[in-house]
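Subject: Structure handover

Hello,

Here is the structure for your files. My notes on what was found follow below it.

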Amino acid sequence: MLPLSPIQLLESELYTKKKLQVWVKRDELIHPLISGNKWRKLQYNLEAFKQLGKKHLLSFGGAFSNHLLALAAAAQKHQIKATIIIRGDGYDDHNPTLRLAREMGLNLVFIDRANYKKREDPAFQQQLMDQYQADFLLPEGGTNAWALKGCRTLVDEITFQLSAEPDFICVAAGTGGTSAGILEQTKQTKVLVFPALKGDFMEKAIRNISKTKLPTFQCFNQYHFGGYAKFKPELIQFINQFHQAHNILLDPVYTGKMFFGLEDLIQQDYFPEGSSIVAIHTGGLQGNLGFNYRFGNLIPSPEL
Ligand SMILES: Cc1ncc(COP(=O)(O)O)c(C=O)c1O
């Protein structure tokens with residue numbers, strides 16, 4: 001068991017003026033590579049892997065993905081044999097995510113985009129499992145029932161740390177697994193979801209992931225900045241300003257968009273005076289290195 005990740009009250013004139021308490025649950029500090037929701041999702045999966053006596057884990061991920069590097073680090077730490085099927089053109093030594101993952105011993109297998117689209121097809125999954133002699137499948141983004149169990153612990157930690165459930169929890173969404181886990185565990189809190197992808201499918205996706213009837217929640221589908229991993233100068237400016245103001249790094253794919261959306265909702269008086277809001281820092285900072293590699297040094301990045 002690791003110590004709890006810190007929960008930090010943010011100071012800002014805006015929040016004081018609006019009479020809001022804005023906290024950040026700093027899951028990005030859990031581990032430099034197995035950070036944020038990746039750690040929450042992997043924790044019980046790795047436990048299950050060991051308890052079930054499995055030998056070889058197979059998963060899917062994008063070439064710059066947080067899941068890929070978190071899996072590499074976790075597999076190395078726990079001495080687990082793991083293969084990841086990657087959407088992309090092949091190995092690129094300048095891509096820091098791939099380079100670090102390879103250094104840590106993760107087996108990288110590249111497939112083309114058309115085949116990668118079949119990643120949720122059970123027959124295709126079985127074919128890959130047979131081909132690589134794997135016996136434990138972890139879906140893309142690490143989202144499955146064990147992952148949700150790990151994400152549920154977030155709510156318990158927050159409630160313990162604040163001695164009460166907050167009025168609101170804000171979380172970024174990709175597959176929706178983290179949000180689903182949080183929603184399974186909240187009682188009073190209203191959960192606000194900020195999808196990193198374009199479209200209005202996220203609410204349904206989150207409800208489909210969970211096996212239970214989830215409470216009402218709200219998805220804000222207007223903060224994707226053009227779509228997954230897309231960005232605009234306002235987002236870059238926001239990430240830099242946030243870093244200067246709070247000394248907290250954000251990533252441009254998930255947490256940057258979520259905090260931008262939160263700030264915008266605060267400006268628009270979405271939250272009643274006196275509300276307590278917890279924004280989950282779901283990590284993803286390794287991605288800043290890859291982002292700066294592709295687009296120039298636009299944002300601050302961690303030292304890995
Ligand atoms: C840093 C970060 N935040 C949030 C998310 C979204 O999590 P989920 O896929 O569970 O919705 C991800 C990705 O999967 C992520 O890497």
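Some conventions come first. This is a predicted model, in which local features need pLDDT of at least 70 and side-chain atom pairs count only at pLDDT 80 or more, while totals for chains, interfaces and linings use all residues. Residues are numbered from 1 along each chain as its sequence is written. Helices (H or I, at least four residues) and strands (E, at least two) are DSSP runs, numbered from the N terminus.

Domains

The protein is divided into domain 1 (7-32 + 148-293) and domain 2 (37-142), with bounds from an automatic or database domain assignment. Their centres, taken over C-alpha atoms, are separated by 25 Å. Domain 1 puts 20 residues into the contact and domain 2 puts in 16 residues, where two residues are in contact if their C-beta atoms, placed from the backbone, lie within 7 Å. On the side of domain 1 that touches domain 2, the elements giving two or more residues are α7 (145-162), α8 and α12 (286-295). That side divides into five nonpolar, 13 polar and two charged residues. For these classes, Ala, Val, Leu, Ile, Met, Phe, Trp, Tyr, Cys and Pro count as nonpolar, Asp, Glu, Lys and Arg as charged, and the others, Gly among them, as polar.

Ligand

The ligand is surrounded by 19 residues, of which the closest are G174, T178, Y254, T282 and G284; a residue is near a molecule if its C-beta atom, placed from the backbone, lies within 6 Å of it. Two or more residues of the shell come from each of α2 (36-51), β7 (168-173) and α8 (177-185). α8 has the largest share, three residues. By class, the shell holds three nonpolar, 15 polar and one charged. Domain 1 and domain 2 both give residues to the shell, so the ligand lies between them.

Helix packing

Two packed helices are described by the angle between their axes and the distance between the axes. Axes are lines fitted to C-alpha atoms, for helices over the stretch in contact, and angles run from 0 to 180 degrees between N-to-C directions. Angles under 35 degrees count as roughly parallel, over 145 as roughly antiparallel, 65 to 115 as roughly perpendicular and the rest as oblique. A crossing is left-handed if the near helix is turned anticlockwise from the far one by less than a right angle, and right-handed if clockwise.

- α2 and α7: the axes are 7 Å apart at an angle of about 130°, which makes α2 oblique to α7. From α2 the contact takes N37, R40, K41, Q43, Y44, N45 and A48, and from α7 it takes W146, A147, K149, G150, C151, T153 and L154. The classes are six nonpolar, five polar and three charged.
- α2 and α3 (residues 66-78): the axes come within 10 Å and cross at roughly 45°, so α2 is oblique to α3. This crossing is right-handed. K38, L42 and L46 of α2 meet N66, H67, A70, A74 and H78 of α3, a contact of four nonpolar, three polar and one charged.
- α3 and α4 (residues 96-103): the axes come within 9 Å and cross at roughly 20°, and the two helices are therefore roughly parallel. α3 passes α4 in a left-handed crossing. L68, L69 and A72 of α3 make the contact with T97, L100 and A101 of α4; five of these residues are nonpolar, one is polar and none is charged.

Regards
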